[in-house]
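Hi everyone, thanks for coming. Please have a look at the model on the screen, and I'll talk you through some of its side chains.

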Amino acid sequence: MKVLKVEFSRDITLKPIADRRYEVQGAFSVNFYLEDEGVVRINVDDGFLFDGRSGPKVVDYYAPNLGTQAELKTFLIHDLLSYDIYFSFEENNNIFYNNLRNWCKYNWFKAKTMWGFVSISDSYFGTPLPDSREYPNLNKIHVRHYDK
């Protein structure tokens, strides 16, 4: 599936709630314009919980935990799609790579390195377990598909 364009409804504002744990302030949506399949819209309710760029603090020297709006949105999309909504594990990681290149202006090596980090294991991908910290986000994510 080819994604032609990705659009956010607005800039993202965060409220820190713990170390590397943030609450997204206000509802937002993300549109994915697909080459042959129309538009996928993900509406996200106020209060979505987010950790910024996942990974250990040492990686902050390579890529920031939050960074610019472009980086923040790129990391947030990757987290959203990791709930196994509409896009596969591989498609999610390819969208991540393309957003790093196109939005964040990362060079191909830096973007490919980060793509490699998220592609090593799919253990984070799918429906979170009820006792996980990601579980409360499930009822905040609403997906719609609009045919061409």
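Let's start with the outward-looking side of helix H3, where Trp108 and Phe109 are exposed. By exposed I mean over 50% relative accessible area, while buried is under 20% and partly exposed is in between, using a 1.4 Å probe and protein chains only. Helices here are DSSP runs of H or I with at least four residues, strands are runs of E with at least two, and both are numbered from the N terminus.

A quick word on where this comes from: it is a predicted model, so local features need pLDDT of at least 70 and side-chain atom pairs count only at pLDDT 80 or more, whereas totals for chains, interfaces and linings use all residues. Residues are numbered from 1 along each chain as its sequence is written, and side-chain values use heavy atoms, with hydrogens and water left out.

Back to H3. The helix covers residues 108-119, which is 12 residues. From first C-alpha to last, H3 reaches 16 Å, close to the 16 Å expected at 1.5 Å a residue; that expected span is 1.5 Å times one less than the number of residues.

Which residues of H3 are buried? They are Ala111, Met114 and Val118. Looking down the axis of H3, these buried residues fall within an arc of 65 degrees, so they line one face of the helix. The arc is taken from the directions between the helix axis and the C-beta atoms. Among the elements covering the buried residues are helix H1 (69-81) and helix H2 (89-102).

At the N-terminal end, H3 is capped by asparagine 107, with a side-chain oxygen 3.0 Å from the backbone nitrogen of phenylalanine 109. For a polar contact, we want a pair of N or O atoms within 3.5 Å; within protein, one must be able to donate a hydrogen and the other to accept it, and residues adjacent in sequence count only if both atoms are side-chain atoms.

Now for the aromatics. How many aromatic pairs does the structure hold? There are 9. Rings of Phe, Tyr and Trp (its six-membered ring) pair if their centres lie within 6.5 Å; planes under 30 degrees apart are stacked, over 60 edge-to-face, and the rest tilted.

One of the pairs is phenylalanine 48 with tyrosine 83, edge-to-face at 6.2 Å centre to centre and 65 degrees between the planes. This pair links distant parts of the chain, 35 residues apart: phenylalanine 48 is in the loop between strand S5 (38-44) and strand S6 (49-50), and tyrosine 83 is in the loop between H1 and H2. Phenylalanine 48 is buried at 0% relative accessible area, and tyrosine 83 is buried at 9%.

Another is phenylalanine 89 with tyrosine 124: their ring centres are 5.8 Å apart and their planes are at 50 degrees, so this pair is tilted. Here too the partners are 35 residues apart, with phenylalanine 89 in helix H2 and tyrosine 124 in the loop between H3 and strand S7 (141-146). Phenylalanine 89 is buried at 11%, whereas tyrosine 124 is partly exposed at 33%.

Then we have an aromatic cluster of Phe8, Phe28 and Trp103. Phenylalanine 28 belongs to strand S4 (residues 28-34) and is buried at 4% relative accessibility. Leaving out residues up to four places away in sequence, phenylalanine 28 touches several others, including Ile42, Leu76 and Leu80. Contact here means heavy atoms within 4.5 Å.

Let me finish with arginine 53, in the loop between S6 and H1. Is it buried or exposed? Arginine 53 is buried, at 5% relative accessibility. Its side chain reaches the backbone oxygen of alanine 63 at 3.0 Å, and the residues arginine 53 touches include Arg20, Phe75 and Met114. Met114 brings us back to H3, where it is one of the buried residues.
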